[in-house]
Structure formats: structure tokens, C-alpha cells
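Please look over the structure shown here. A short briefing on its side-chain contacts comes after it.

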Amino acid sequence: AMVLLGCITAEAQSIISDEVKSSGVRVIVGETVAARDMKDKQVFFVGLSAINKGDSTLWNLAVKVIEWNAYRVNKGNILLIKTMNDDVIQLVADDDYDATVRNVHTEPFVYSDYSTVALYPISTEDIVKLCAGVKKIRQEVSIGDTHDKDYKKDKIGSIITAELKLIRNALNEKKTIYDGF
């Protein structure tokens, strides 16, 4: 039983939204979870979402970065991810995302931090590669400094693995706009 404990992430992840439109399009959004070390200047959060219609599912990788300066991700900006197996995955932002003031802190002095969640369409094959672990991530931004993070130990792969399982389990249960009405 002790072996299983290593596979469970410290925080239980969840699906934050699962809605079906009258057109039959279903959107499932997983939570964005911190993939960080305590000394990070820029804190990365990652999550998955799925858009399902019939037998077709389109996936998005959500990337949120919290940092001290305003930044902007424009449609077409690149996200580079290097897996523990040295595969390099290149994703492209699907829209414009403007980091807004996320939080105003007053202790020990007044300062703000900024964040936005950018979505990157991703294939199932690339999601599976991420599940094996991530050692580096780089987010291109149009305004501000490029966001870079090197990981000594994988933090992103376990988050993606858990979310993929949650979303796939949800997709296995059929749902319509009438459910719960």
C-alpha cells in the first residue's frame, strides 16, 4: 500500500467546470495547479481543458504565470516545453491574453502581482509526452520578459497526468444540457 502513496499528488485536483451547450458541445475545464519551487520569481500553474463534440475532443493546455510585472501573451506566441525524455513540444497561444493585477499585497509594503491564463491547443500525443515529466518550460510574451523555469524534479507531469485522468473519466459519463435540470 505504501507504493501507491508516491503516485498521489499532494493536493487533490478537480474539474472546475463541466458544461454542455444545446449544440451538444461539452467543455470540461480542469483546475490550474501550481508547479513551483518556493523561491520562484515567476510561478507557473498548469491545467488541461477539453472541448468535446461527439467522437471528437480538442484539448488545451492552460498556463498561468504569476509574476511582479505586467505582461501580455499574444495570439501566436510560443510555449516551449522540454520533457524529461528531452522531447521538445512547441505550442502556440490561440488568442491574446493580458495579465492584470491579480493581487495587491500590503505587507511589508504595498505591491501587486500580475497573472493571466493563456490557452494552448495540444494534441493527445503531446499530453502523453508531458505526463512523463517536464524539465523546462518557456513562455514567450509580447510585453514583458520571457517566462522561463527549469525543474530539477518533475512537477508538471504529475499535474497533467491527474487532470487527463479526471477529464477522461468525466468524458466517459455522457452528459446533456438537460442533466440536473
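Predicted model: local features only at pLDDT ≥ 70, side-chain atom pairs only at ≥ 80, totals over all residues.

Residues are numbered from 1 along each chain as its sequence is written, and side-chain values use heavy atoms, with hydrogens and water left out. Helices (H or I, at least four residues) and strands (E, at least two) are DSSP runs, numbered from the N terminus.

**Salt bridges**

- The count comes to 11 salt bridges. The rule asks for a side-chain nitrogen of Lys or Arg within 4 Å of a carboxyl oxygen of Asp or Glu.
- R138 pairs with D148, with the closest N and O atoms 2.7 Å apart. This pair links distant parts of the chain: R138 sits in strand β12 and D148 in strand β13, 10 residues apart.
- D150 pairs with K136, with 3.4 Å between the closest N and O atoms. D150 lies in strand β13 (residues 147-150) and K136 in strand β12 (residues 134-139), so the pair ties together parts that are 14 residues apart in sequence.
- Buried means under 20% relative accessible area, exposed means over 50%, and partly exposed is in between (1.4 Å probe, protein chains only). R138 is partly exposed at 33%, and D148 is partly exposed at 33%. D150 is partly exposed at 48%, and K136 is partly exposed at 24%.
- D126 and K129 form a salt bridge within a helix, at 3.7 Å from N to O. Both lie in helix α2 (residues 124-131), three residues apart, about one turn of the helix. D126 counts as buried at 17% relative accessibility, while K129 counts as partly exposed at 35%.
- D18, R26 and K175 are linked in a network of salt bridges.

**Nonpolar core**

- The largest nonpolar core has 36 residues. Such a core is a set of buried Ala, Val, Leu, Ile, Met, Phe, Trp, Tyr and Cys residues joined through side-chain atoms within 4.5 Å.
- L61 and I81 have the most contacts inside this largest core. Helix α3 (residues 156-172) gives the most to it, with seven residues.
- Contact means heavy atoms within 4.5 Å. Leaving aside neighbours within four places in sequence, I81 is in contact with residues including L61, V88, L130 and I137.

**N77, a buried polar residue**

- N77 is found in the loop between β6 (72-73) and β7. N77 is buried, with a relative accessible area of 7%.
- The N77 side chain makes a polar contact with the side chain of S142 at 2.9 Å. A polar contact is a pair of N or O atoms within 3.5 Å; within protein, one must be able to donate a hydrogen and the other to accept it, and residues adjacent in sequence count only if both atoms are side-chain atoms.
- The N77 side chain also reaches the backbone nitrogen of N74, at 2.7 Å.
- Beyond its neighbours within four places in sequence, N77 is in contact with residues including R72, Y120 and E140.

**Backbone angle at D86**

- D86 has a positive phi of about 65°, although D86 is not a glycine.
- D86 is placed in the loop between β7 (78-83) and β8 (88-92). D86 counts as partly exposed, at 47% relative accessibility.

**Surface**

- V101 lies in strand β10 (residues 100-105). V101 is partly exposed, with a relative accessible area of 43%.
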